[in-house]
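Let's walk through this fold strand by strand, with the viewer open beside you. We'll take a few neighbouring pairs before stepping back to the whole arrangement.

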Amino acid sequence: LAIAASISSNGLELGRLDGNVRADLAFRDVDRRLLENPLNLDVAVDSMPLNAVELGVSTVRDVSGYARGRVQITGEPDALRFDGDTQVHQAAMYVPKLGVRLEGIQGRVVYAGALARIDTLSIRSSAGGSADVKGTLDLSDVRDVGFDLDFSADGFRGIDRRLASAR
């Protein structure tokens, strides 16, 4: 199956997905629908608004900023390989359960094989202070991501109890 999709705004292409999925689409029973190394996808974004994050993540509101980058995804669904990088610029979001707005979010992630390396990730809190994150994410099982992260903070307040909401 060939895949080609794009997202545009005001005639400007913001993102694109190209690639193919190798599958046996026969109308008879087969042992395996997906063939060996079935996925070969290329995802590219340029100035993609991040506010769509709110559609899939109910714990944040008022998301702003944009992303750019390119990532190639290949392999089996249970053994994906990644290659490329993404950057987040001028991002911000309100986290109601913490009562804070995370602002000035800037970051870069480099993908190689089953690892995603966070080169830089900087965050400021509306409650005060800033934090930086570096490290790796193990994506060998995308249903159970492994984390090896280093945090450094300068007066970072991740919770403002006066503004936090609870259910």
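Start with strand S6, covering residues 100-113, and strand S7, covering residues 115-125: the two run antiparallel and are joined by nine bridges. Keep in mind that you're looking at a predicted model here. To find your bearings in this pair, pick Leu-102 and look across to S7, where its bridge partner is Ser-125.

A handy spot to check is Ile-118, which bridges to Gly-135 in S8. What sits between S7 and S8? Their hairpin has four residues between the strands, and in it Gly-128 adopts a positive phi near 125°.

One more step takes you from S8 to S9, again an antiparallel pairing, this time over nine bridges. Here you can go from Asp-132 to its bridge partner in S9, Ser-152.

Time to zoom out. These pairs belong to an open sheet of nine strands, paired antiparallel and ordered S1-S2-S3-S4-S5-S6-S7-S8-S9. At its edges are strand S1 (2-9) and strand S9 (146-154), each of which pairs on one side only. So how are neighbouring strands turned against each other, direction ignored? On average, the angle between neighbours in this sheet is 10° when direction is ignored.

Note on methods
Residues are numbered from 1 along each chain as its sequence is written. This is a predicted model: local features need pLDDT of at least 70, side-chain atom pairs count only at pLDDT 80 or more; totals for chains, interfaces and linings use all residues. Side-chain values use heavy atoms; hydrogens and water are left out. Two strands pair if DSSP finds at least two bridges between them. Axes are lines fitted to C-alpha atoms, for helices over the stretch in contact, and angles run from 0 to 180 degrees between N-to-C directions.
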